[in-house]
Amino acid sequence: MTKIVETSYRVRREPLQTSFSTSLRSINELSVLEFHIKTDDGVEVFGEAVETPAITGDTTALIQSDFDLELRKALIDKEFEGAANFYRTHIAQVQATNSAKSAVDLALYELQAVVSGKSLKEILGCFVTQVKSDVTIPLSGISDIPTLLAARTEFSTFKIKLGSEDMKTRVNKIQLIRDIAGAEVGIRVDPNQAWSVDESIAFLEEIERLGLEIEYLEQPIAATNKIGLAQIRQKCSTKIMADEALHTIADLEVLHELNSVDLINIKLLKSGGITPALEIIARAKELKVDFSIGTMMEGDKSVLAAILIAGAHRADYCHDLDAPWWASNTRFRYAKSMVTI
């Protein structure tokens, strides 16, 4: 029986090829935390996390503290009998950040792959070689839109970040994307909690009045205001997505009970790892709530897990998996809106 005997972590720096800006933050470099597990038979694997203080509240210092203390205690000298079982037995109840738990869970799935002699792709049940992804247009001036689109010709679905611009500018940005990219491209709008309920309704009413169709409006208001999402959805025909408001199955249950959303954005760092993310997916299917798989701006290994989950559970959908596109160095390549596994 395999036993975990040692844990460690390190931080690696990964520069981005261009700045990533939203209403919550702007970054030019990733600090990826690697969490390593070593077994008594010499196997060493690792998972990854990044800090997202504006989204999850998880800072590098908090994640490192969790690695050093509670999570290390939960792992050392424990017998390994499969990633999901180990997570539910030893990790789920630990008082630690979801980002730290996600890194640990990914390491456990990597360990399962080694122990079983299978690939992570096989373990997660992904049978496709490509998954479709959108690409983000960061918070920017309207004059920057043509250049940003020209740098993204390998994509046909765009997620545009909006913030505190006036209504005219917001609408003009959508119109300009339509004019340049054409009527067939997909447009998604993500204000990252920057708006009020009234602003969100006014924006959608104007977009709908002008016939500027968007696929969905993602988390326009504060994550805690789940009732507000329901109010927006009741007033407008455009689909509403929850992102920051959706971390756990309990969040999903509340959103569903309130009729707040058409779809949810599931991310490993928000949910606490692969195991809880798969549980959210299973429950969303039961409730008939549509879902997309997304990532933070994070490293290739954790993005791979998200891509494999997307391919296994919603291979026909365009997900939000463009994080590696921003990196200066990555294993992934994007072409015709597809990322190759």
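Reply: What follows is a set of questions on labels, each answered from its definition.

Me: What should I know before I start?

Reply: This is a predicted model, where local features need pLDDT of at least 70, side-chain atom pairs count only at pLDDT 80 or more, and totals for chains, interfaces and linings use all residues. Residues are numbered from 1 along each chain as its sequence is written, and side-chain values use heavy atoms, with hydrogens and water left out.

Me: Why is Ser260 called buried?

Reply: Buried means under 20% relative accessible area, exposed over 50%, and partly exposed in between, with a 1.4 Å probe and protein chains only. Ser260 has 0% relative accessibility, so Ser260 counts as buried. Ser260 is found in the loop between H9 and E10. Helices (H or I, at least four residues) and strands (E, at least two) are DSSP runs, numbered from the N terminus.

Me: Which residues is Ser260 in contact with?

Reply: Contact means heavy atoms within 4.5 Å. Leaving aside neighbours within four places in sequence, Ser260 is in contact with Lys226, Leu229, Ala230, Arg233, Ile240 and Leu255.

Me: What makes the pair of Ser260 and Lys226 a polar contact?

Reply: A polar contact is a pair of N or O atoms within 3.5 Å; within protein, one must be able to donate a hydrogen and the other to accept it, and residues adjacent in sequence count only if both atoms are side-chain atoms. A polar atom of the Ser260 side chain lies 2.8 Å from the backbone oxygen of Lys226.

Me: How do you know that the buried residues of helix H9 are on the same side?

Reply: The buried residues of H9 (residues 249-257) are Asp251, Leu252 and Leu255. They cover an arc of only 100 degrees around the axis, which puts them on the same side of H9. The arc is that of the directions from the helix axis to the C-beta atoms. What covers these residues includes helix H8 (226-235) and helix H11 (274-287).

Me: What lies at the start of H9, and what follows H9?

Reply: At the start of H9, a side-chain oxygen of Thr248 reaches to within 3.3 Å of the backbone nitrogen of Ala250. After H9 comes Asn259, with a positive phi, near 55 degrees.

Me: What makes a space a cavity and not a pocket?

Reply: On a 1 Å grid over the protein atoms alone, a cavity is a set of points where a 1.4 Å probe fits but cannot get out. A pocket is an open set with protein on both sides within 12 Å along at least five of seven lines, and lining residues have an atom within 4 Å of a point. Grid points are joined across faces, edges and corners, and a volume is the space filled by probe spheres set on the points. A search of the whole structure finds 2 cavities of 30 Å³ or more. The largest cavity has a volume of about 200 Å³. The largest pocket has about 170 Å³.

Me: Which element gives the most to the lining of the largest pocket?

Reply: Strand E2 (residues 26-39) does, with 4 residues.
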